[in-house]
Amino acid sequence: MDRRSFIQTAGNVAALSVLHGTASPLAPGTPGKILAIAAHPGDGMFTMGATLAQQIERGGSGVLLSLSLGEKGAPKDIPVQQYGEMQRAATEKAAHLLGAEAMFLSYPDAEIPFNEESSLRVCDVVREQKPEIVVTHWSGSWHKDHQNCHLIVRDGLFYAGLQTLQRSRPAHPVSKLFYADNWEDASNFTPDTYLNIDAVYEKWLQSCDFYPMWRGQTGFFRYNDYYSSLAIMRGCLAGFKKAVALMSDSNQRTDRLQSL
Ligand SMILES: [Zn+2]
């Protein structure tokens with residue numbers, strides 16, 4: 001058996017919350033809460049939205065936290081601030097359609113800072129939302145906001161679980177951390193977990209369609225063609241019709257066995 005995990009949506013097959021045999025507060029098969037943390041709203045919905053939707057479909061819950069509004073991706077004919085509000089509105093509609101909650105920290109796009117303040121703000125969201133699973137950016141990105149988001153989440157989760165760190169809410173350790181399949185974060189991205197999204201694929205596409213960027217109205221990249229096709233390609237590898245590929249954090253890839 002290789003290291004890839006193939007996850008069905010129901011029945012007695014392993015769920016996303018109980019991978020790799022490590023400790024989890026949830027019983028096997030119990031859907032939990034996923035917190036997706038993205039630098040920009042489009043990253044969140046296009047690369048993490050189907051994962052949220054699948055968990056919600058199974059009876060769990062999902063929250064999408066955007067560290068910025070992605071406002072500097074505005075096309076020439078739309079002022080930056082107006083585009084940011086369009087991004088916020090699209091994200092709220094998209095999250096609502098999936099049954100998820102949308103949250104924003106509203107750091108300036110292209111200037112998301114990696115420091116104690118931003119890490120502690122993510123820590124506070126984690127302590128407030130109490131997710132079992134977090135999904136965020138992989139570190140191998142050319143985009144500085146994506147790199148910083150990865151680092152902010154790393155430190156934010158460390159702080160969230162640190163019992164002796166006094167904040168307004170008590171510590172909350174997160175048992176599972178996954179990285180999303182993003183065309184801008186592709187350097188050394190090695191997926192090991194494939195999630196069956198057949199049941200939520202169409203709804204997820206509808207959610208993505210709220211964004212002008214998805215429809216090719218803001219730039220050259222064909223987000224809709226790329227991510228809708230990627231789900232089919234990942235599904236081919238996983239033996240599902242449609243799938244999301246995730247990369248698990250290296251710290252949760254250790255098997256602890258009495259024997260082979
Ligand atoms: Zn981005």
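A: Helices are DSSP runs of H or I with at least four residues and strands are runs of E with at least two, both numbered from the N terminus. On that basis the chain has 6 helices and 8 strands, in the order β-β-α-β-α-β-α-β-α-β-β-α-α-β from the N terminus on. The model is predicted, so that local features need pLDDT of at least 70 and side-chain atom pairs count only at pLDDT 80 or more, while totals for chains, interfaces and linings use all residues. Residues are numbered from 1 along each chain as its sequence is written, and side-chain values use heavy atoms, with hydrogens and water left out.

A cavity here is a set of points, on a 1 Å grid over the protein atoms alone, where a 1.4 Å probe fits but cannot get out, and its lining residues have an atom within 4 Å of a point. The volume is the space filled by probe spheres set on points joined across faces, edges and corners. Under this rule the structure has 1 cavity of 30 Å³ or more, and about 100 Å³ of space lies in the largest cavity. Its lining consists of Phe46, Thr47, Ala50, Asp181, Trp204, Tyr227, Leu230, Ala231, Arg234, Ala243, Val244 and Ala245. Helix 1 (41-57), helix 6 (223-238) and strand 8 (243-248) each give two or more residues to this lining, and helix 6 gives the most, with 4 residues. With Ala, Val, Leu, Ile, Met, Phe, Trp, Tyr, Cys and Pro counted as nonpolar, Asp, Glu, Lys and Arg as charged, and the others, Gly among them, as polar, the lining has 9 nonpolar, 1 polar and 2 charged residues.

Buried means under 20% relative accessible area, exposed over 50% and partly exposed in between, with a 1.4 Å probe and protein chains only.

Leaving aside residues up to four places away in sequence, Leu52 touches Ile34, Ala36, Gly62, Val63 and Leu64. Between Leu52 and Val63, 11 residues apart in sequence, the C-alpha to C-alpha distance is 7.6 Å.

The zinc ion is coordinated by His40 (ND1), Asp43 (OD) and His146 (NE2) at 2.0 to 2.1 Å; donors are N, O and S atoms within 2.8 Å of the metal (3.2 Å for Na, K and Ca), and water is not among the atoms, so sites may look incomplete. His40, in the loop between strand 2 (33-38) and helix 1, and His146, in helix 4 (residues 144-161), link distant parts of the chain, 106 residues apart. Both His40 and His146 are buried, as are 55% of the 260 residues of the chain.

Definitions and conventions:
1 Å grid on protein atoms, 1.4 Å probe; cavity = no way out; pocket = protein on both sides within 12 Å on 5 of 7 lines; lining within 4 Å. Contact = heavy atoms within 4.5 Å.
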